[in-house]
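Trainee: I would like to go through this structure and ask what stands behind the terms used for it.
Mentor: Then let us look at it together.

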Amino acid sequence: MSVVEISGLRKHFDAVRAVDGVDLSIQPGEFLVILGPSGCGKTTLMRMIAGLEKPTAGSIHIGDADVTELPPRKRGVSMVFQSYALYPHMNVYNNIAFPLKAQRREKKFDRATMRGKVEAIARLLEIDTLLDRRPRQLSGGQRQRVAIARAMVTQPAVLLLDEPLSNLDAKLRANARDELKDFQRSSNITAVFVTHDQIEAMGLGDRIVVMAEGKIQQVGTPQRIYDDPANEFVATFLGSPSMNILRAQSHRFGFRPEHFLPKTLQDNPNNSVSFDYFVKRVEYLGSDRLIYGYVGGHENELTLAKVPSNVRAALDIENEYEFAVQRENIKYFHEASGERIEAQMAGADW
Amino acid sequence: MGRLSLGSFPLDNRRLIGALFLTPALLYIVLLVGFPFILSIAFGFSDVTVGNTDLSFVGFRNFLAVWENDIFRQVFETTIRFTLISQVFILIFANILAVIFTQDFTGKWFARFIFILPWATPVSLAMIGWLWMLDTKYSSIDYLLLQLGLLGRGGLLSDNRNLFWLAAPDLAQISVIFVQVWRMTPLATVILMAGLSSIPTDILDQAEVDGSRFMRTLLQIKLPLILPIMVIALLFSMITMFGDMTVVYVLTRGGPVDYTRVLGLYSFQVGIEGGNLAQGAAISLFAFPLLLAMAIFMLRTASRAEVR
């Protein structure tokens, strides 16, 4: 059984369709990442799950209950905002205790129980020595933990996280990502994490929901989404540098720069498709060489190749080389809709 | 020319343009605040009158004379009492109205506009309006009460056809305080509204997800966060009111007897109408150290409460 069941969910702001028909079920204990460019509706979707926005149409179920019309406090969800939204005038203890105090009448617990809960979650997140501090006296990483502690103290059915890592500096972020994943796994909480950062999404998500223009483009494991994109948007949105897309007569096809290598390096040259590749510029990136050029017959379409540095083959600018891609690494897309199509349908017989 | 020469045009000179931008403010402060202030200090320590404008130094004689004057003491006490009582009401009303005006409802723009009018109207004009409404004989408020049967023969409030708003000691004081509250609440409200809308929406959304309802969010989140701004609003309206004379000058001239005489008016009556410039100056200067101490104290409190 799923924890959250969303069906036919829409949110229109006047003419803008922020969320335009979303169906999604979230499984217990999973780490679900909603990934998409800014303005794709991912934050609006999360705010509707939290109850901060009222849907234009559709329904949201959490557990057994239809919560579509319920206010946030009756949904059993909690949320960590991008800014952490700590109450600046309260110390850490009171910040974490705030949701408990707010729900005290419904949940009926006394002061001692409350203190016990706050201290337990603070210990778990290793902020139990900071309880008397004010938010401004904390580092970015500590603030994040306080925000998570406050969200977790009520033992919510779902924890919603709105880009909580984007306020941390790059060095701290990798560490915080790791801790967050550990914490989610050990507490077995169902987490929904919104981000526009594909590396965060790939690293954290048990499943990823890719959104664009208010619609879900694809739902799947990170590997599935990367290796088997449902359409051209997903194919080009994930991966850096993004997938090369080339035009053919009645369709488009694409392959990732790291799959585009000199023919001699292909494991299985007989099962590959060859291209004449004209090298225009080479960037040395340490672990890889990033090559800018174009393939024969597609002189107007910039095509990139990412060649590992341990490949010593000479690749000089203004020269032409024979490059190839494994057949299964070429994806075909419908000309009008951008949906994935099979190689046979594309009429490709390399 | 190899590069753009920035110093060629006179207005590109940083020092010149800086001076140019500061001059109007500086002129205003020096001519309309600084000069009269220095002059009143000079007057306060001299024996100047309207008839004899020679300034000769007399030390603290004016201040001592004023302090030993029973009328002055009563005026001083009235001023403080009026100011404090009206601040309480201003704060309560301003908080309620600011919360209302920062909610979403239809006609909000119009309601805000109507509401700001008391503050946007010139004080003297507004006071003439109030003078009519509170008139001893032709008061429109009395007329309404009369129609409702609360005044006149067998009326609940009085058998008389009038309440004598500005002539009865208690009612006159209440009227003056009420009009002051009416006049000062909009400014305090606007300042508090600015404070409320400066609270990050994330914080309020967080409070909502945390399960907090309206009153808890108001008392435990919103009000503590706008406390520093509330102190500023209070300071503004207190200082304005403490030195004000227009309201009582138009409505009561300090009467009946001395019941509504406040510091600003008394200083004007002694100094200008009575011609004793030196004593008038000394009276108005009595408020200065008090207001200064209050301003320092409140601004310190505000900056200490500043948490963001």
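This is a predicted model: local features need pLDDT of at least 70, side-chain atom pairs count only at pLDDT 80 or more; totals for chains, interfaces and linings use all residues.

Trainee: Why is strand β8 of chain A called largely enclosed?
Mentor: A residue counts as buried if 20 or more other C-beta atoms lie within 10 Å of its own. Six of the six residues of β8(A), residues 190-195, are buried, so the strand is largely enclosed by the rest of the structure.

Trainee: What makes both faces of β8(A) count as covered?
Mentor: On one side A:Thr190, A:Val192 and A:Val194 are buried, and on the other A:Ala191, A:Phe193 and A:Thr195 are buried.

Trainee: How do you know which strands pair with β8(A)?
Mentor: Two strands pair if there are at least two bridges between them. Strand β3 of chain A, residues 31-35, has five bridges to β8(A), in the parallel sense. Strand β7 of chain A, residues 158-162, is also joined to β8(A) by five bridges, again parallel. Both pairs therefore meet the requirement of at least two bridges.

Trainee: Which residue of β8(A) is the bridge partner of A:Val33?
Mentor: The partner of A:Val33 is A:Phe193. A:Phe193 is also the bridge partner of A:Leu161.

Trainee: Which elements make the β-α-β unit, and what is its hand?
Mentor: β7(A), helix α6 of chain A (residues 170-187) and β8(A) make the unit, and it is right-handed.

Trainee: How is chain A divided into domains?
Mentor: Domain 1 covers 4-227 and domain 2 covers 240-346. Their centres, taken over C-alpha atoms, are separated by 39 Å.

Trainee: What makes β13 and β16 of chain A edge strands?
Mentor: They belong to an open sheet of five strands in the order β13-β17-β14-β15-β16 (chain A), with antiparallel pairing. β13 (261-262) and β16 (303-308) each pair on one side only. For β13(A), the pairing with β17(A), residues 320-326, is antiparallel and has two bridges. There A:Leu261 stands opposite A:Ala324.

Trainee: Why do β11 and β19 of chain A have one side without a neighbour in the sheet?
Mentor: The sheet is open and has four strands, in the order β11-β12-β18-β19 (chain A), paired antiparallel. β11 (244-247) and β19 (340-341) stand at its edges with a single partner strand each, so one side of each lacks a neighbour in the sheet. β19(A) is joined by two bridges to the antiparallel strand β18 of chain A, residues 331-334. A:Tyr332 stands opposite A:Ile341 in that pair.

Trainee: How many helices and strands does chain B have?
Mentor: Chain B has 12 helices and zero strands.

Trainee: Why is chain B called more spread out than a compact globule?
Mentor: The globule rule gives 19 Å for 308 residues, and the radius of gyration of chain B is 25 Å, well over that value, so chain B is more spread out than a compact globule. Along its principal axes the C-alpha trace spans about 90 × 65 × 35 Å. Of the 308 residues of chain B, 32% count as buried.

Trainee: How many residues are in contact between the two chains?
Mentor: 18 residues of chain A are in contact with 16 residues of chain B. On chain A, β6 (77-80) and α2 (92-102) each supply at least two residues of the side that touches chain B. By class, that side of chain A has 12 nonpolar, four polar and two charged residues.

Definitions and conventions. Residues are numbered from 1 along each chain as its sequence is written. Chains are lettered from A and ligands numbered from 1 in the order in which they are written. A residue is buried if 20 or more other C-beta atoms lie within 10 Å of its own, exposed if 12 or fewer, and partly exposed in between; C-beta atoms are placed from the backbone. A crossover is right-handed if, with the strands pointing away from the viewer, the path from the first strand over the helix to the second runs clockwise. Two residues are in contact if their C-beta atoms, placed from the backbone, lie within 7 Å. Ala, Val, Leu, Ile, Met, Phe, Trp, Tyr, Cys and Pro count as nonpolar, Asp, Glu, Lys and Arg as charged, and the others, Gly among them, as polar. Domain bounds come from an automatic or database domain assignment. The radius of gyration is taken over C-alpha atoms; the globule rule is 2.2 Å times the number of residues to the power 0.38.
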